[in-house]
Amino acid sequence: MTSTTQPELLHFGHHGAFVAEGFGQAPRMNAQPGSALRSVRLAVKDVFQVRGMRCGAGNPRWLAEQHVATQTAPAVQWLLQAGAQWIGKTVTDELTYSLAGINAHYGTPRNPAAEQRLPGGSSSGSVVAVAAGYADIALGTDCGGSIRLPASYCGVWGVRPSHGRVSSQGCFTLAHSFDTVGWFAAKADVLSLALEQLVHTQVSQAVPENARLIVCEDVLRMLDEPVRESFESWLATSGTRVERMPAGTLALEEWADAFRVLQAAEIWQQHGHWILDARPAFGADVAGRFELASAITPQQVAWATRLRSQAQLHLGALLGVDGFLLMPPVPGPAPRLDAPADQVQDTRARSQRLLCMAGLAGLPQVVFPWTRIDGAPVGLSLLGPRFADEQVMSLARHLHLSSPFS
């Protein structure tokens, strides 16, 4: 196969996961013998700078205005230096402003675990690359849930680290106080190895001592009924000991509203001038979100900022140093491709109420494969104290191994 035909064939042959630019020009790094990730195949969301390539961020106009990168983003560079094998760049939702996995210009990557359902976005190409078996690990980003939701929808491992622990240099930013570098993996060990490489740490195989698992009624009320029933059954069957928190513990609806306001305000601060000057063509859903972002008022931002501070204090007190919130990260399986718009919007709204906590408080959250509902994957997750990424990773691995559904 020649390098001139390889990109097109890979784009259409790999569940629509990959973009054309990024094949046949793999970045070169000097990996040492015995490197931790030597046999691991790496795919990278098309929001990272990679030397010799342009960053498209899911929009043709954005791509056309970008220069060829002269350096590689540190997050990519560290994994390559650890021996990871370059596969290619992956499709993203437009400017990463979506949770669906739909791109009006480049299509919707196919969910390998449930082909009649959405893959989840905006890291849709990366999650599909892992779920389909074309990559062992795939870098993405998570602003409002773009690692955690797709990981659940496609039945793979995913992590949103504590805000600030992984360098975002050389990475497209949607909303600066929420965006984090994250990644998907087919196996827990690979997910952990990547964390060790990216933040220069060690992840223990042992279960964290004195860890408290917390289950909250406010979360359970957001779940589809079959998911809630399966979760309760899992708790009973696995013998997992948890602390139950009553309804009213978490102000999820208010927190989600505050998250949307602050995210939108930061997005318009970051990209409003470019949108007004360039007048790019967006898909209808993304265009509507940018229009709403342009209308956020200072009063709304002030209100949302106060609520964010309250959420940070509340979650900090709830978790302490040894508390971990155990929960499905999203209400249920991915919506079907032909689902009515109102159903998709309801799922999105309830998902945001569950996903907003990590973003507002900068907390680490790991999603791991769990069960299937109506033939489609649903994951479980652990949300932990800020900077307790290693403990969240170790505990998630332990819970997955002990799960009667795994």
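How do the residues of the lining of the second largest pocket divide into nonpolar, polar and charged? I noted first that the model is a predicted one, and then I found that this lining divides into 6 nonpolar, 5 polar and 3 charged residues.

Entry on the second largest pocket. I wrote down a volume of about 270 Å³ for the second largest pocket, and I listed Ala211, Leu213, Thr240, Arg241 and Val242 as the closest to its centre among the 14 residues that line it. When I looked up which elements take part, I saw that strand 6 (212–216) and helix 13 (389–402) each give at least two residues to this lining, and that helix 13 provides the largest share, with 4 residues.

Entry on the largest pocket. I then turned to the largest pocket, in which about 660 Å³ of space lies. Its lining is made of 29 residues, and those nearest the centre are Asp285, Arg289, Gln345, Arg348 and Gln352. I sorted the lining residues of the largest pocket into 18 nonpolar, 6 polar and 5 charged. Helix 5 (148–154), helix 9 (252–278), helix 10 (284–294) and helix 12 each contribute at least two residues to the lining of the largest pocket, and the largest share, 8 residues, belongs to helix 12.

Entry on glutamine 352. Is glutamine 352 buried or exposed? Its relative accessible area is 11%, which is under the 20% limit, so glutamine 352 counts as buried. Setting aside the neighbours within four places in sequence, I recorded contacts of glutamine 352 with Leu99, Ala256 and Arg260.

Entry on the cysteines. I reminded myself that a disulfide is a covalent bond between the sulfur atoms of two cysteines. How many disulfides does a search of the whole structure find? The search gives 0 disulfides. For cysteine 143, I noted that the nearest cysteine sulfur belongs to cysteine 171 and is 11 Å away; because a disulfide needs the two sulfur atoms within 2.5 Å, cysteine 143 is in no disulfide. For cysteine 171, the nearest cysteine sulfur is that of cysteine 55, at 7.4 Å, and cysteine 171 is in no disulfide either. I also looked up accessibility: cysteine 143 is buried, with a relative accessible area of 4%, and cysteine 171, at 14%, counts as buried too.

Key: Residues numbered from 1 in each chain as written. Predicted model: local features only at pLDDT ≥ 70, side-chain atom pairs only at ≥ 80, totals over all residues. Heavy atoms only, no water. Buried < 20%, exposed > 50% of the residue type's maximum accessible area, 1.4 Å probe, protein only. Contact = heavy atoms within 4.5 Å. 1 Å grid on protein atoms, 1.4 Å probe; cavity = no way out; pocket = protein on both sides within 12 Å on 5 of 7 lines; lining within 4 Å. Points joined across faces, edges and corners; volume = space filled by probe spheres on them. Nonpolar A, V, L, I, M, F, W, Y, C, P; charged D, E, K, R; others polar.
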